Amino acid sequence: MTDVRPHGGTEAAGADRSTGPTAATATPDAAAIGTEALRESIATELLAARARTAALTDCVGDGDLTAQHSPLMSPLVWDLAHIGNQEELWLLRNVGGRDPMHPEIDPLYDAFQHPRAERPSLPLLPPAEARAYAHEVRGRVLDLLAASPLEGAPLLDAGFAFGMIAQHEQQHDETMLITHQLRQGEPALAAPPPPPAPADAAALPAEVLIPAGPFTMGTDTEPWALDNERPAHTVDLPAFLLDTTPVTNAAYQRFIADGGYDDPRWWTPEGWEHRRRADLTAPLFWRHQDGQWLRRRFGTVAPVEPDEPVLHVSWYEADAYARWAGRRLPTEAEWEKAARHDPATGRSRRHPWGDGPPGPEHANLGQRHLRPAGAGSYPKGRSPYGVGQLIGDVWEWTASDFRPYPGFRAWPYREYSEVFFGPEYKVLRGGCFAVAPVACRGTFRNWDYPVRRQIFAGFRTARDLEAD
Ligand SMILES: [Fe+2]
């Protein structure tokens with residue numbers, strides 16, 4: 001995704017340097033909890049996002065903050081001030097009616113005006129000033145929140161604009177984590193504990209049948225859902241089978257060993273052309289040495305873990321793997337039905353495990369572990385059909401282009417989603433270990449170019465029932 005919006009997508013996640021899940025909980029239900037509790041919940045989310053931003057930017061020096069670690073990414077100091085600038089724009093100006101604090105800097109932090117590659121050459125605020133600006137904005141926002149009725153206007157209802165900004169900051173935290181992954185040099189992020197080991201991975205069926213029938217896709221009721229997740233609508237799908245877990249490194253290594261990267265039969269024409277031009281031979285950050293595959297993660301090189309979901313593959317690679325395996329990528333609708341539809345009640349849940357917020361027992365979110373968990377982990381997070389790890393761990397590429405749902409209405413502005421609709425972008429679902437709970441739900445849609453590899457994306461595969 002881009003930086004433009006308080007976006008869907010790849011600007012996400014919360015890494016506490018040392019340990020923890022971001023304090024965040026998940027989207028509050030305003031109607032259920034009352035205005036005062038909603039205020040507290042919003043403040044908690046804003047503070048959790050800022051703690052994560054601080055952790056990701058205080059762990060390196062000013063030189064690292066102002067450097068561009070990859071032409072694909074902004075300097076970290078740009079993200080820092082952009083977070084403050086969007087918060088000022090949406091909350092202080094649009095909601096609060098205040099005058100701009102520093103109108104001269106607005107163009108610098110408008111993602112539409114300056115592509116990432118261009119940002120290091122801009123007269124950006126230095127780190128200390130960027131921090132001070134974001135801090136000043138936040139102080140005024142908390143004052144505004146304390147006085148806000150949180151109702152009476154579309155941006156205010158259920159605290160939507162505040163929720164959008166909390167999600168935006170967490171999404172940029174994910175983006176900054178990607179920058180950390182691309183950064184060369186000694187590790188800067190402290191290693192948190194590993195995720196829980198899968199309890200019953202060997203006993204899990206490889207795939208799960210999702211019977212034919214209609215389900216409700218998207219939402220009308222999720223208070224902080226973004227425009228592209230709306231409205232709720234019925235989709236009728238034929239029966240299909242879906243992998244119980246994301247595709248693992250071990251499985252992906254078999255594709256490599258079988259010559260999958262050298263056989264055009266498995267690739268779309270565009271994918272094959274890209275594979276050749278970019279000389280792809282393995283996931284990004286992998287290298288083959290002394291007979292084994294190694295991967296670099298946040299500055300540390302170690303052997304590829306066989307049971308972990310594969311990460312850092314493009315849509316083209318995911319699609320080629322699926323063909324090699326005699327399967328295909330699931331559509332976005334198939335993914336959402338497998339994740340949300342409860343055949344016992346006929347309704348769609350907020351999350352695979354139910355309507356309750358994501359807890360540490362449900363999903364690997366919030367940068368709690370700085371890596372995906374092994375396939376088969378999080379048995380309490382499985383969907384009614386028994387599909388696991390749909391939320392968290394790795395973003396999952398789907399077969400679908402990014403398109404509006406029937407009845408889509410751009411909100412709060414066209415550049416959030418509408419300008420990205422079309423065949424250029426493929427949809428990713430489910431969030432990853434770097435996504436915060438507040439920015440993740442069963443309806444959440446991410447999108448990116450099919451060549452993209454630095455994002456924390458993997459995939460799972462599907463097949464038609466008729467193929468039996
Ligand atoms: Fe942004």
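Reply: What follows is a walk through a predicted model, taken up one topic at a time.

Me: Let's start with the record, then: which residues does UniProt mark as "binding site"?

Reply: The UniProt entry, which is unreviewed, places that feature at His82, His168 and His172. Although these residues span 91 residues in sequence, no two of their C-alpha atoms are more than 10.1 Å apart, so they gather at one spot.

Me: And where is His168 found?

Reply: His168 is found in helix H6, which covers residues 160-182, and His172 has its place in helix H6 as well.

Me: Is His168 buried or exposed?

Reply: The relative accessible area of His168 is 1%, and because buried means under 20%, His168 counts as buried.

Me: What about His172, buried or exposed?

Reply: His172 is likewise counted as buried, since its relative accessibility is 0%.

Me: Changing topic to the strands, how many of the residues of strand E8 are buried?

Reply: In strand E8, which runs over residues 395-402, seven of the eight residues are buried, so the strand is largely enclosed by the rest of the structure.

Me: Which way does E8 run against strand E9, parallel or antiparallel?

Reply: E8 pairs with strand E9, residues 422-429, in the antiparallel sense, and four bridges link the two. Within that pairing, Phe402 stands opposite Gly422 in E9.

Me: And how many bridges join E8 to strand E11?

Reply: Two bridges join E8 to strand E11, residues 457-458, and here the strands run parallel. On this side, Trp395 is the residue that stands opposite Ala457 in E11.

Me: Now the open sheet of three strands: what is its order?

Reply: The order is E1-E4-E12, and the pairing is antiparallel. Strand E1 (207-210) and strand E12 (462-464) stand at the edges, and because each has a single partner strand, one side of each is left without a neighbour in the sheet. From one strand to the next, the twist averages 25°.

Me: How many bridges are there between strand E4 and E12?

Reply: Strand E4, made up of residues 240-243, pairs with E12 over three bridges in the antiparallel sense.

Methods:
Residues are numbered from 1 along each chain as its sequence is written. This is a predicted model: local features need pLDDT of at least 70, side-chain atom pairs count only at pLDDT 80 or more; totals for chains, interfaces and linings use all residues. Side-chain values use heavy atoms; hydrogens and water are left out. Buried means under 20% relative accessible area, exposed over 50%, partly exposed in between (1.4 Å probe, protein chains only). Two strands pair if DSSP finds at least two bridges between them. UniProt positions are given in the numbering used here, feature names are shortened, and annotations may be inferred rather than shown by experiment. Axes are lines fitted to C-alpha atoms, for helices over the stretch in contact, and angles run from 0 to 180 degrees between N-to-C directions.
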